[in-house]
Amino acid sequence: MEKEEIPEETAARLRSLDERIAADSSDESALIERGRLYWALGRRSAAIGDYLAARRINPSGSATQLLKATYEILDFYNKDLFNP
């Protein structure tokens with residue numbers, strides 16, 4: 001398996017967020033931001049994990065809405081794509 005190429009700026013931001021979360025696991029905004037970066041990189045599972053962690057911290061925060069949108073995207077089914 002090849003190592004994923006991540007732009008250096010994104011990798012640096014991920015390292016910074018990892019450090020923030022390691023220092024304070026209840027940093028909701030860092031979890032959400034890291035989740036968004038993971039989503040953009042195609043790491044869906046990691047993104048959902050961060051959104052779930054952020055939602056546990058603040059159930060009425062934006063992570064709840066992000067999770068809803070994420071599940072809607074993942075649940076999307078277009079029957080016409082499968083019936084040419």
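## Overall fold

The order from the N terminus is α-α-α-α-α. The radius of gyration is 15 Å, well over the 12 Å that the globule rule gives for 84 residues, so the protein is more spread out than a compact globule. This is a predicted model.

Along the principal axes, the C-alpha atoms fill a box of roughly 50 × 35 × 20 Å. Buried residues make up 31% of the 84.

The model holds six salt bridges. Asp-18, Arg-34 and Asp-50 are linked in a network of such bridges. Start with Asp-18 and Arg-34. Their closest N and O atoms are 2.8 Å apart. Asp-18 belongs to helix α1 (residues 8-23) and Arg-34 to helix α2 (residues 28-40), so this bridge ties together parts 16 residues apart in sequence.

Arg-34 also bridges to Asp-50, at 2.7 Å from N to O. Asp-50 sits in helix α3 (residues 44-57), while Arg-34 is in α2, so this pair too ties together parts that are 16 residues apart in sequence.

For Arg-34 the relative accessible area is 13%, which counts as buried because the cut-off is under 20%. Asp-18 is partly exposed, at 32% relative accessibility.

Lys-68 and Glu-72 form another salt bridge, with the closest N and O atoms 3.8 Å apart. That value falls within the 4 Å limit, so the pair qualifies. Both residues lie in helix α4 (residues 62-75). They are four residues apart, about one turn of the helix. Lys-68 has a relative accessible area of 47% and is partly exposed.

## How α3 packs on α4

Two packed helices are described by the angle between their axes and by the distance between those axes. For α3 and α4, the angle is about 145° and the axes are 8 Å apart. The crossing of α3 past α4 is left-handed.

Which residues make the contact? From α3 come Ile-48, Tyr-51, Leu-52, Ala-54 and Arg-55. From α4 come Ala-63, Thr-64, Leu-66, Leu-67, Thr-70, Tyr-71 and Leu-74. By class, this contact has nine nonpolar, two polar and one charged residues. Arg-55 of α3 is the charged one, because Arg counts as charged.

## Around Leu-37

Leu-37 is in helix α2, the helix that also carries Arg-34. What does Leu-37 touch, leaving aside residues up to four places away in sequence? Its contacts are Thr-10, Arg-13, Leu-14 and Leu-17. These positions fall within the span of α1, residues 8-23.

Leu-37 and Tyr-77 are 40 residues apart in sequence. In space, their C-alpha atoms are 25 Å apart.

How values were computed
Residues are numbered from 1 along each chain as its sequence is written. This is a predicted model: local features need pLDDT of at least 70, side-chain atom pairs count only at pLDDT 80 or more; totals for chains, interfaces and linings use all residues. Side-chain values use heavy atoms; hydrogens and water are left out. A salt bridge is a side-chain nitrogen of Lys or Arg within 4 Å of a carboxyl oxygen of Asp or Glu. Helices (H or I, at least four residues) and strands (E, at least two) are DSSP runs, numbered from the N terminus. Buried means under 20% relative accessible area, exposed over 50%, partly exposed in between (1.4 Å probe, protein chains only). Axes are lines fitted to C-alpha atoms, for helices over the stretch in contact, and angles run from 0 to 180 degrees between N-to-C directions. A crossing is left-handed if the near helix is turned anticlockwise from the far one by less than a right angle, and right-handed if clockwise. Contact means heavy atoms within 4.5 Å. The radius of gyration is taken over C-alpha atoms; the globule rule is 2.2 Å times the number of residues to the power 0.38.
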